[in-house]
Amino acid sequence: MSGKSSMIVTALTAAALGAVGFLAFQASASAPDHATAGKHPSSSASPAPGKGKDGADQRKAEVPVPPNSGEGERVVYALGARRVWLVTADGKVKRTYEVTPSTVSPAPGTYKVTGRSLKIPGSDGVPIEHVVRFTVAEGVVIGFSSAVDGSMPDPNAKKKTGGIRETREDGTAMWDFALGETKIVVVP
C-alpha cells in the first residue's frame, strides 16, 4: 500500500507544481514589461525624437481633441475619425494616432481601464501585446492592442472581434499611459 500512496503523493505534487507554474505564467504575462515608479515616465527622461521637451509628440498633437470629450487625464477614442488621443491631467495632448477599429465597437460613453495584458492571443488568432481592456459590447471584450507581427486586422472579417488595433509604437505609448483605472472616453 505504501507504493500506491507514494504514487498518489507524487501525482498530487506534480499537479500542484503544474498549477503554480501556470499561475506564474499568467502573472508574468499580465505584468508590465518594465518597472514603473509612478503612473507615467518621469519628466526628466529625454524625450524621443520628434517629441517636445514635455514628451508630447509634436508631429501628431496638431489634431485637436474632440469637443465634449471630458476633462483631465483620459484616453479619447473617436469612432468616426478612427483616432485616439492620450490627454494629460492638464488637458494637453501627449500623443494622438489613428487606429484600426474592431468589428464590434463600444457605445459612446465614459469607461475605465478594466484590465491589461502584456502578451496574449488576439480574438482573431494573431498574437497581440500591450492590451488595454475597457468594456464589453455584444458579448465581446473591447480594448486597444497591437499585433506582435505589426499586422492590422482584416477590415472585412466576419468574426466578432473587440481589438482596436494600434501600431506597436502607439501600443507601447497606450500601455505606458493607460494604467489602473484610467478614464477612456468614446465619442462618435
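A charge counts as sitting over a ring if NZ of Lys or CZ of Arg is within 6 Å of the ring centre and within 35 degrees of the ring normal. With that in hand I went to Arg 116, and its charged end sits over the ring of Trp 175, 3.6 Å from the centre.

**Ground rules.** I am working from a predicted model, where local features need pLDDT of at least 70, side-chain atom pairs count only at pLDDT 80 or more, and totals for chains, interfaces and linings use all residues. Residues are numbered from 1 along each chain as its sequence is written, and side-chain values use heavy atoms, with hydrogens and water left out.

**Overall layout.** I looked up the secondary structure and got 2 helices and 9 strands; these are DSSP runs numbered from the N terminus, helices being H or I with at least four residues and strands E with at least two. Along the sequence the pattern reads α-β-β-β-β-β-β-β-β-α-β. Of the 188 residues, 37% count as buried, meaning under 20% relative accessible area, with exposed over 50% and partly exposed in between (1.4 Å probe, protein chains only). The accessible surface comes to about 10,600 Å², and 60% of that belongs to carbon and sulfur atoms; areas come from the Shrake-Rupley method with a 1.4 Å probe, and for residues only the protein chains shown count as cover. Next I checked contacts, i.e. heavy atoms within 4.5 Å. Among those between residues at least 6 apart in sequence, 53% join residues at least 24 apart.

**The sheet.** I traced an open sheet of 4 strands in the order S5-S6-S7-S8, with mixed pairing; two strands pair if DSSP finds at least two bridges between them. Strand S5 (115-121) and strand S8 (163-166) stand at the edges with a single partner strand each, so one side of each has no neighbour in the sheet. Neighbouring strands here are turned by 30 degrees against each other on average, direction ignored. S6 and S7 run antiparallel and are joined by 7 bridges, and I found Ala 137 opposite Val 140 in S7. Helix H2 (residues 168-177) packs on the sheet and touches S5, S6, S7 and S8, its direction making about 60 degrees with that of S6. Axes are lines fitted to C-alpha atoms, for helices over the stretch in contact, and angles run from 0 to 180 degrees between N-to-C directions.

**Rings.** I got 3 aromatic pairs. Phe 134 and Phe 144 have ring centres 5.3 Å apart and planes at 25 degrees, so I log the pair as stacked. Phe 134 is in strand S6 and Phe 144 in strand S7 (residues 140-147), so the pair ties together parts 10 residues apart in sequence. The cut-offs for Phe, Tyr and Trp (its six-membered ring) are centres within 6.5 Å, then planes under 30 degrees for stacked, over 60 for edge-to-face and the rest tilted. Both partners are buried: Phe 134 at 2% relative accessibility, Phe 144 at 0%. Ring pairs link Tyr 77, Tyr 111, Phe 134 and Phe 144 into a cluster.

**Thr 135.** Thr 135 lies in strand S6 (residues 127-137) and counts as buried at 15% relative accessibility. Not counting residues up to four places away in sequence, I find it touching Pro 106, Tyr 111, Thr 114, Val 140, Val 141 and Ile 142.

**Ser 69.** I placed Ser 69 in the loop between helix H1 (2-30) and strand S1 (74-78). Ser 69 is buried at 3%. Its contacts, leaving aside neighbours within four places in sequence, are Arg 74, Val 76, Val 185 and Val 187.
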